[in-house]
Amino acid sequence: HGVVPSVRDISELGFSVGHATQHDTGVTVIFCGEQGAVASVDVRGGGPGTRETDLLQPHNTVERVHAVVLAGGSAFGLAAADGVMNELAEQGIGFPVFGEDKPGPRVPIVPGAVIFDLLVGPSRPGPEEGAAALRAALIGSDESMGSVGAGVGATAGKLRGGFGLASRRVGEYEVSAAMVANPVGEVIDPQSGRLYGAPGRTPVNAAAYRALPHPAESKLNTTIGAVLTDAPVT
């Protein structure tokens with residue numbers, strides 16, 4: 001009902017994406033502009049890895065965030081947000097503790113979330129990688145997808161996961177998603193070789209796919225990301 005593909009990228013919404021890509025993990029930062037963006041959060045599942053998400057509950061003081069950090073490295077990767085905060089603080093970007101028109105400290109609001117990718121390799125993103133990803137976002141939005149940033153160590157059943165961007169226009173507004181796909185289950189129907197989300201496409205040979213060894217069962221997989229819009233929300 002009025003949902004059509006869009007050619008706009010998220011930079012036109014006032015956001016920009018930057019990646020710091022390591023061999024087996026990485027960081028993706030979504031910069032929300034100097035004034036930040038109104039934000040809320042939804043955390044589900046039994047093993048979340050998050051930082052600064054409680055402050056986004058509706059009853060709390062802070063409404064706007066200056067950046068969102070998505071990272072690999074499991075709980076270790078939450079340290080990447082330290083680098084993002086420090087880099088924003090050097091730019092004078094943050095929540096004015098005593099009010100916008102009064103002198104005083106500014107605290108960058110940087111919520112983050114991580115995926116479990118420690119079985120892929122030993123690397124752990126830290127403050128340096130977080131700062132590098134933010135600097136990349138400040139230069140200009142990187143619309144790369146796949147095995148970049150936080151998506152490097154992601155898995156999806158028997159396949160590699162990754163970082164993806166998608167955008168749709170709904171009426172007069174734009175809705176975009178920046179996601180790290182790292183789900184527990186399969187994304188391919190083993191009988192047909194087709195993607196569950198795109199049944200018209202056949203990306204793999206079904207018989208060859210069924211013959212692939214199944215990865216060890218895990219309850220640690222997490223899909224993380226941000227939904228971005230220019231619609232007025234509270």
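Which residue with a positive phi follows helix 1? Helix 1 is followed by Gly-92, whose phi is positive, near 75°.

1. **What kind of model this is.** This is a predicted model, in which local features need a pLDDT of at least 70 and side-chain atom pairs count only at pLDDT 80 or more, while totals for chains, interfaces and linings use all residues. Residues are numbered from 1 along each chain as its sequence is written, and side-chain values use heavy atoms, with hydrogens and water left out.

2. **The chain as a whole.** The chain has three helices and 15 strands, where helices (H or I, at least four residues) and strands (E, at least two) are DSSP runs numbered from the N terminus. For 234 residues a compact globule would have a radius of gyration near 17 Å, and the chain agrees with this at 18 Å; the radius is taken over C-alpha atoms, and the globule rule is 2.2 Å times the number of residues to the power 0.38. Taken along the principal axes, the C-alpha atoms fill a box of roughly 65 × 45 × 35 Å. Of the 234 residues, 38% are buried (buried means under 20% relative accessible area, exposed over 50%, and partly exposed in between, with a 1.4 Å probe and protein chains only). Among contacts (heavy atoms within 4.5 Å) between residues at least 6 apart in sequence, 71% join residues at least 24 apart.

3. Five strands form an open sheet in the order 2-3-7-10-5, with mixed pairing; two strands pair if DSSP finds at least two bridges between them. Strand 2 and strand 5 (50-51) stand at the edges with a single partner strand each, so one side of each is left without a neighbour in the sheet. Strand 2 and strand 3 run antiparallel and are joined by six bridges, and one of these places can be found by looking at His-19, whose bridge partner in strand 3 is Thr-28.

4. **Val-68 in strand 7.** Val-68 lies in strand 7 and counts as buried because its relative accessibility is 18%. Once its neighbours within four places in sequence are left aside, Val-68 is in contact with Thr-28, Val-29, Ile-30 and Pro-111.

5. **Helix 1.** Helix 1 lies across strand 3, strand 5 and strand 7 (67-71), and runs at about 155° to strand 7; here axes are lines fitted to C-alpha atoms, for helices over the stretch in contact, and angles run from 0 to 180 degrees between N-to-C directions. The buried residues in helix 1 are Ala-80, Ala-81, Gly-83, Val-84, Met-85, Glu-87 and Leu-88. Their cover includes strand 3, strand 5, strand 7, strand 9 (106-107) and helix 2.

6. **Helix 2.** The 13 residues of helix 2 (residues 127-139) should span 18 Å at 1.5 Å a residue, and the end C-alpha atoms agree with this at 19 Å apart; the expected span is 1.5 Å times one less than the number of residues. In helix 2, Gly-130, Ala-131, Ala-133, Leu-134 and Ala-137 are buried. Seen down the helix axis, these buried residues fall within an arc of 160°, so they line one face of helix 2, the arc being that of the directions from the axis to the C-beta atoms. Glu-128 and Ile-139, on the other side of helix 2, are exposed.

7. **Strands 13, 14 and 15.** Strand 13 (residues 162-170) and strand 14 (residues 173-181) pair in the antiparallel sense over nine bridges, and they form a hairpin with two residues between them, where Gly-171 in the turn has a positive phi of about 65°. Strand 14 also pairs with strand 15, again in the antiparallel sense, over six bridges. In a regular strand the side chains alternate between the two faces of the sheet.

8. **Two residues to check by eye.** Most residues other than glycine have a negative phi. Glu-52, in the loop between strand 5 and strand 6 (64-65), has a positive phi near 55° and is partly exposed, with a relative accessible area of 34%. Ser-74, in the loop between strand 7 and helix 1, has a positive phi of about 55° although it is not a glycine, and at 18% relative accessibility Ser-74 counts as buried.
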